[in-house]
Amino acid sequence: MGIFDKFQPLAAARRALAEKGVKSINVTMEEIISPTEAVINGRRTILVGTNNYLGLTFDAECIKAACKALQEQGTGTTGSRMANGTFAGHVALERELADFFGCRGAIVFSTGYVANLGMLSALAQPGDVILLDADCHASIYDGCRLGGAEVIRFRHNDVSDLEKRLRRLGERAANALILVEGIYSMLGDRAPLKEIAAVKREYGACLLVDEAHSLGVLGNRGRGLAEEVGVEESVDFIVGTFSKSLGAIGGFAVSNHPELELIRYASRPYIFTASPSPSTIASTRTALQILRTRSDLRRRLWENARKLYQRLTELNFRLGPEVSPIVAVRLSNPEEAVLLWNGLQERGVYVNLVLPPATPDGGALLRCSVSAGHTPEQMERICEAFTSLREKAQTAQTGSTGVYPPTRGGSA
Amino acid sequence: MAGYEKLLKELLDILKPFAKPGQSLQEQTDLVADLGLDSLRVMKLVVEVEDRFDISIPINILPNIRTIRDFAVQLEQLLGEGH
């Protein structure tokens with residue numbers, strides 16, 4: 001039994017969830033109808049938790065490009081970028097990414113997770129020091145761990161805490177690597193990047209920004225938060241993913257540092273995994289062209305984001321601190337979250353159920369992510385589902401007891 | 001540089017709110033097995049200790065800390081190194 005003992009707490013947590021009516025927090029998409037609809041548990045369901053921000057997964061041009069690559073180049077590369085897995089498409093995509101970001105170079109990785117693992121493990125090694133925002137994604141934490149640098153957390157979005165910790169480092173601050181995200185995946189809030197870039201410059205540290213959730217979402221050209229707040233010159237590395245706005249799978253890093261090219265040779269997650277398939281690369285290249293030219297998608301995405309945020313605020317749900325395509329409904333306990341999550345699914349709406357310890361503050365989240373692909377009718381149905389659940393809860397609320405009492409909306 | 005005994009005393013003071021009702025804290029008290037701290041509460045504790053001593057505690061050292069004594073020893077070392 002020995003090696004399995006450690007799973008007992010997990011088994012107990014799953015049993016406890018099952019008693020609350022959750023068989024599994026991950027659902028099976030039985031049939032995919034569109035970027036915003038699927039069949040789940042036999043029910044046609046609007047998807048409001050896919051990170052498919054521009055809704056490109058069914059774009060006709062992307063599919064055509066992927067099919068052509070599949071026919072011409074086969075189903076997979078069957079090898080690492082470092083060996084036989086670099087096709088002309090991978091090189092072309094790197095060139096196009098560098099051009100899009102106005103950077104000297106780019107590296108394509110197999111997933112967004114691998115991009116962080118690959119960059120951080122190579123960049124920050126024993127003797128180096130990393131300062132990361134406490135709410136950074138698991139891939140960032142894991143990349144840090146793989147590299148073996150000293151890792152110091154600063155309070156989420158707290159520039160004075162970051163500055164204090166840089167000051168404590170003394171001369172070592174000049175060798176520090178600061179890690180933040182453009183938009184944080186759980187609450188949808190942005191990093192105070194302008195201020196962070198100023199602190200970075202003052203101490204001579206390096207700055208890496210993960211734009212996974214902000215690529216195609218922020219900035220005039222869709223390059224992310226660094227573009228939006230005008231600090232691209234101060235950002236040493238941008239990491240991102242193809243699995244959100246670009247509707248495929250894969251990851252990348254861009255930089256003006258010529259040393260980026262050397263990271264290929266120092267990055268185990270780059271060297272020891274197979275490269276993205278030709279069809280993935282082909283659809284990603286097409287999606288990047290669409291992202292560059294179709295600013296109307298970004299406008300529609302933000303219209304939908306504002307609509308959902310506003311309606312949920314009016315319903316007195318406690319949300320993330322700012323309007324974003326990630327609209328997080330913050331609940332005080334898992335029971336409340338599960339009740340609401342089940343209710344939404346019964347009404348044909350799927351959102352992400354996020355339970356501790358994956359949540360930033362130990363609470364529970366119903367994490368919604370809207371898409372440019374959501375039609376006004378779908379947005380209305382999503383809002384109606386939340387409204388009907390809120391009304392049901394308020395009806396059930398007699399005196400001081402309630403299923404989930406109204407809370408103040410709009411602030412963290 | 002603060003002495004071990006003084007650090008231990010301060011640490012025990014910070015840890016008081018983390019103890020279960022009626023539980024007495026000793027050097028050998030295990031943060032996970034005895035206090036039942038999960039990862040979120042461990043991070044909360046770390047932030048409180050960082051504030052109290054005005055230091056940054058690298059998360060890499062956390063796997064080396066099981067007991068209150070381990071924590072005090074690590075703290076003594078960090079304060080000596082000037083984090």
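**Contact between the chains**

The contact takes nine residues from chain A and nine from chain B, two residues being in contact if their C-beta atoms, placed from the backbone, lie within 7 Å. This is a predicted model, in which local features need pLDDT of at least 70, side-chain atom pairs count only at pLDDT 80 or more, and totals for chains, interfaces and linings use all residues. Residues are numbered from 1 along each chain as its sequence is written, while chains are lettered from A and ligands numbered from 1 in the order in which they are written.

- On the side of chain A that touches chain B, strand S6 (150-154) and helix H6 (159-169) of chain A each supply at least two residues; helices (H or I, at least four residues) and strands (E, at least two) are DSSP runs, numbered from the N terminus.
- S6(A) gives the most to this side of chain A, with four residues.
- By class, the side of chain A that touches chain B has four nonpolar, one polar and four charged residues. Here Ala, Val, Leu, Ile, Met, Phe, Trp, Tyr, Cys and Pro count as nonpolar, Asp, Glu, Lys and Arg as charged, and the others, Gly among them, as polar.

**Chain A as a whole**

- Chain A contains 14 helices and 14 strands.
- The radius of gyration of chain A is 22 Å, close to the 22 Å that the globule rule gives for 412 residues, so chain A is as compact as a globular protein of that length. The radius is taken over C-alpha atoms, and the rule is 2.2 Å times the number of residues to the power 0.38.
- The C-alpha trace of chain A spans about 65 × 55 × 55 Å along its principal axes.
- Of the 412 residues in chain A, 51% are buried, that is, 20 or more other C-beta atoms lie within 10 Å of their own, with C-beta atoms placed from the backbone.
- Among contacts in chain A between residues at least 6 apart in sequence, 71% join residues at least 24 apart.

**Domains of chain A**

- Chain A is divided into domain 1 (14-54 + 295-396) and domain 2 (58-293), with bounds from an automatic or database domain assignment.
- The C-alpha centres of domain 1 and domain 2 of chain A lie 27 Å apart.
- Domain 1 of chain A gives 21 residues to the contact, and domain 2 of chain A gives 18 residues.
- Helix H12 (295-314), strand S11 (326-331) and strand S14 (364-369) of chain A each give two or more residues to the side of domain 1 that touches domain 2.
- S11(A) gives the most to that side of domain 1, with three residues.
- The side of domain 1 of chain A that touches domain 2 has twelve nonpolar, six polar and three charged residues.

**Open sheet**

- An open sheet of four strands in chain A has the order S1-S2-S3-S12, with mixed pairing; two strands pair if DSSP finds at least two bridges between them.
- Strands S1 (31-34) and S12 (349-350) of chain A stand at the edges, each with a single partner strand, so one side of each is left without a neighbour in the sheet.
- S1(A) and strand S2 (residues 37-40) of chain A pair in the antiparallel sense over three bridges, and Glu31(A) stands opposite Val39(A) in S2(A).

Conventions:
A residue is buried if 20 or more other C-beta atoms lie within 10 Å of its own, exposed if 12 or fewer, and partly exposed in between; C-beta atoms are placed from the backbone.
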